[in-house]
Every structure is written in C-alpha cells, then in structure tokens.
Amino acid sequence: MHRDDARVRGGPVLGEDVVAHLTALRVHVREVFAAVEDRAPAPSAVEALNHALTRTPTAHLLTREATAGFRSEATHPTTRVVEHALAALAADTVALLTGPDAVLLAACAAEPCNRYLLRTHARRHWCSTRCGDRVRAARSYARRNQRTA
C-alpha cells in the first residue's frame, strides 16, 4: 500500500503500523479467497483471520440514554479501533466464505489483477469494467498484430 493510499478521502492519514496491519490482513484474505479455487489456503492465513476475530470482544453491551431508552451496542475503547476494524473485516470474510454467496466468489480473469468478485452473472469474469476493457483491448491488439504478421 502506498502512503497516498493510507489517506481516506478527507480523513486522517493512517499510521505506518495501521497500514501494515491492514495490508497483512489483505494478504491473508486473498490467500483464503484463492482456496475457493480448490486449493488449500496456507494455515497461517486462516490463523491470521482467526487471530483478528478474537482480538476484540464481540458481545454487545446494554446502554441506556434518557431520551432514547435502552440500546444494545458494541462499545470499545478508542485505543482498540484498529483491532475492531480488523475484526470487522475478518468477520465479513468469514461470513462470505461460509455463506450462500461463497460459490459466487471468483478471481478476476484479467491479468495481472489480483482482486476477487462475486459472479452474479454467468458472463461476468472481471472485477470492474476497467479490467474487462483492458482484456478486450489486449485481444483486439493481438488480433490486429496477427493479421499484419
């Protein structure tokens, strides 16, 4: 991740350690997603996701406000915001891999893209129109060069 990627639009710049944690989790998520293609993920990737899930409490606490009454909310100390963000990302990964949409998960067919997508349509092979356009342009270029050769 580049330093420029660490800035959320209009938000604060993330510290180097936060960027390192997020980048590491992204690597592990990609490793686990690749297992959808019938290969076992590295045990360290599964371990890293489970570690992210267990670093924060998941129980919702009961709170009461004078005007709103009782609410159930996940409270956490502000010093553990990064851990909660990592846990939320890991939980979303687990929910996707164990839910009904897991069969729709596929790697983008555009080289060298390393993203994943949900194939909601049988003809969808790319994560974005940009990747699809790049593949179509490369095919067109190859056909044009083949004719001239």
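## Getting to know this predicted model

Buried residues (under 20% relative accessible area, with exposed over 50% and partly exposed in between, using a 1.4 Å probe and protein chains only) make up 23% of the 149 residues in the protein chain. This is a predicted model, where local features need pLDDT of at least 70, side-chain atom pairs count only at pLDDT 80 or more, and totals for chains, interfaces and linings use all residues. Residues are numbered from 1 along each chain as its sequence is written, and side-chain values use heavy atoms, leaving out hydrogens and water.

User: How many disulfides does the count come to?

Analyst: A disulfide is a covalent bond between the sulfur atoms of two cysteines. To be counted here, a pair of cysteine sulfur atoms must be within 2.5 Å. The sulfur of Cys 131 is 3.7 Å from the closest cysteine sulfur, in Cys 127, and that is too far for a bond. By this rule, the number of disulfides is zero.

User: Is Cys 131 buried or exposed?

Analyst: The relative accessibility of Cys 131 is 3%. Because of that value, Cys 131 counts as buried.

User: Which residue meets Arg 55 in a salt bridge?

Analyst: A salt bridge is a side-chain nitrogen of Lys or Arg within 4 Å of a carboxyl oxygen of Asp or Glu. For Arg 55, the N to O distance in its salt bridge is 3.1 Å, and the partner is Glu 83.

User: How many residues apart in sequence are the parts that Arg 55 and Glu 83 tie together?

Analyst: Arg 55 lies in the loop between helix H2 (43-54) and strand E1 (61-65), while Glu 83 is in helix H3. Helix H3 covers residues 81-98. The pair therefore ties together parts whose separation in sequence is 28 residues.

Key
Helix = DSSP H or I, 4+ residues; strand = E, 2+ residues; numbered from the N terminus.
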